[in-house]
Amino acid sequence: MKSIIDKLVKTRDLTDEEFEQLILCEDKETIEYLAAKAREVREKIYGKDVYLRGLIEFTNYCKNDCLYCGIRRSNKNAERYRLTEEQILNCCEVGYKLGFRTFVLQGGEDAYFSDEVLIPLIKEIKEKYPDCALTLSVGEREKDSYQKLFDAGADRYLLRHETADKEHYESLHPAELSFDHRMQCLWNLKEIGFQVGCGMMIGSPYQTVKHLIKDLRFLQDFKPEMVGIGPFIPHHDTPFADRETGSVDITLKLLSIIRIMLPEVLLPATTALGTADGLGREKGILAGANVVMPNLSPTDVRGKYLLYDNKICTGDEAAECIRCMTLRVQKVGYEVVQKRGDHIRFI
Ligand code: SAH
C-alpha cells in the first residue's frame, strides 16, 4: 500500500484500482502515512498557514429542491430569512476587525439577489475592504451574470459539482436541475477568471466508490483552485432524512488524496466535517486541509441556515468562533493567519 502512496506523490495519479484500494483502506498505519505525505506536500507550499474565510450565510430562500438540502424550497418548516445590505456590511466590518481577509457570501438561489442587487453590494465591500478577497457561492447563474459579478470585483466562486456522475447527480436532484448545466457553470466561471471551487459530499445517498473515483478524475481534469468536501449529513425535513451520515474516515482519506493530487489546492476543513465528528476539522487539517471557514452570520439567523441536522456553532458570536478556531488549529500544530490566502496561480 505504501508503494501506491509513493506513486501518488510522485506522479499525482493512480489507476482506478489503486484509487479504490486507497479509498477503502482501513489500515491505520497506511492512512497515517497517506496523511503525513499530504502534510508534507501542503507544508512545502503553504507552510503551517491556515487561511480563514468568513462565511456570511446571507439568504436561505432557495428556488431549488435538492433532495439532500434542508433549505430546499419544499421544506415548509424552514424559517426563511434574507439579510439586508446593511447587515451584510456589518458582518464584514466585524469580520475585518477579527482578522478575516476573505469574505464568503453564500446563500440559496434567491431571485431577490439579482445582478442589480448583488453588483452594488460587491462593489461596496471591495471598496471598503480593498485588501480582502470576496468569494461568492450563490449557485447556478448564466454566464453573463457571472461575468458581471466578476467585473464588479468578486474574486472567487464556490460551486460544488456535487457528483461527477450524471446518473448519480440525477438521483440527488429533481428533474429540473441538470448535471450538464452545473458542469457548464463551472467551466464558465473558470473561463471568466474566478478562482473556482468545486467539490462533493462524501457518502451522499447512492454514492459508490466508483463515483468517488469519477470525482477525482473530474478534479484532475478541471484543476479547481479550491475543493470543498464534507460528509453528507441527513436533514430531518428532506427525502433523505433516514439516510446515514457519510464516513468521516473516507472524507479524511480523500482530503489527503486531493492534497497530493493537486498540491496547490485550497482545501477547507468544512463545518460538515466538524459536525460529523467533534474533532473533524482538526483531523481535516492533519489530513492536508489548509482552510477553515468560521461563521460570520449574525447570531439571530445562524440557526436558520440549516442544510443538515446538528450543525455546529449556531449559537456563537463571530469573535467566539474565531477564538475557538484559532485554538483548535494551534493545538494540532498549525497557525491561523491574517492573509487573503489566494491560490498560488493568482498571486
Ligand atoms: N446554493 C449554493 C450554496 C449551496 S450550500 C450552491 O448551489 O452552490 C453549500 C453546499 O452544502 C452544497 O453545495 C452541498 O454540497 C452542501 N450540502 C447541502 N446539503 C448538505 C447535507 N445534507 N449534508 C452535507 N452537505 C450538504
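Reply: Let's begin with strand β1 (residues 49-52), which pairs with β8 in the parallel sense over two bridges. Bear in mind that this is a predicted model. To find the pairing on screen, go to Y51, whose bridge partner in β8 is V291. As background, strands of a sheet pair through backbone hydrogen bonds, either parallel or antiparallel.

β1 and β8 belong to an open sheet of three strands, ordered β8-β1-β9, and the pairing is parallel. The edges are taken by β8 (291-292) and β9 (335-337), each with a single partner strand, so one side of each has no neighbour in the sheet. Something also lies on this sheet: helix α14 (residues 318-331) packs on it and touches β1, β8 and β9. The direction of α14 makes about 135 degrees with that of β9.

Next, have a look at strand β2 (residues 54-59). β2 pairs with strand β3 (residues 102-107), again in the parallel sense, this time over five bridges. A handy landmark here is E57, which stands opposite Q106 in β3. Six of the six residues of β2 are buried, so the strand is largely enclosed by the rest of the structure.

What does I56 touch, leaving aside residues up to four places away in sequence? The list is L83, I88, C91, C92, F103, V104, L105, Q106, L296 and S297. For one of these, C91, there is also a C-alpha separation: 7.2 Å from I56, with the two residues 35 apart along the chain.

Last stop, a helix pair. Helix α3 (residues 28-46) packs with helix α10 (residues 248-261) at an angle of about 40 degrees, their axes being 9 Å apart. α3 and α10 are therefore oblique to each other, and α3 passes α10 in a left-handed crossing. On the α3 side, the contact is made by I31, L34, A35, K37, A38, V41, R42 and Y46. α10 contributes K253, S256, I257, R259 and I260. Sorted by class, the contact of α3 with α10 has eight nonpolar, one polar and four charged residues.

How values were computed: Residues are numbered from 1 along each chain as its sequence is written. This is a predicted model: local features need pLDDT of at least 70, side-chain atom pairs count only at pLDDT 80 or more; totals for chains, interfaces and linings use all residues. Side-chain values use heavy atoms; hydrogens and water are left out. Helices (H or I, at least four residues) and strands (E, at least two) are DSSP runs, numbered from the N terminus. Contact means heavy atoms within 4.5 Å. Axes are lines fitted to C-alpha atoms, for helices over the stretch in contact, and angles run from 0 to 180 degrees between N-to-C directions. Angles under 35 degrees count as roughly parallel, over 145 as roughly antiparallel, 65 to 115 as roughly perpendicular and the rest as oblique. A crossing is left-handed if the near helix is turned anticlockwise from the far one by less than a right angle, and right-handed if clockwise. Ala, Val, Leu, Ile, Met, Phe, Trp, Tyr, Cys and Pro count as nonpolar, Asp, Glu, Lys and Arg as charged, and the others, Gly among them, as polar. Buried means under 20% relative accessible area, exposed over 50%, partly exposed in between (1.4 Å probe, protein chains only). Two strands pair if DSSP finds at least two bridges between them.
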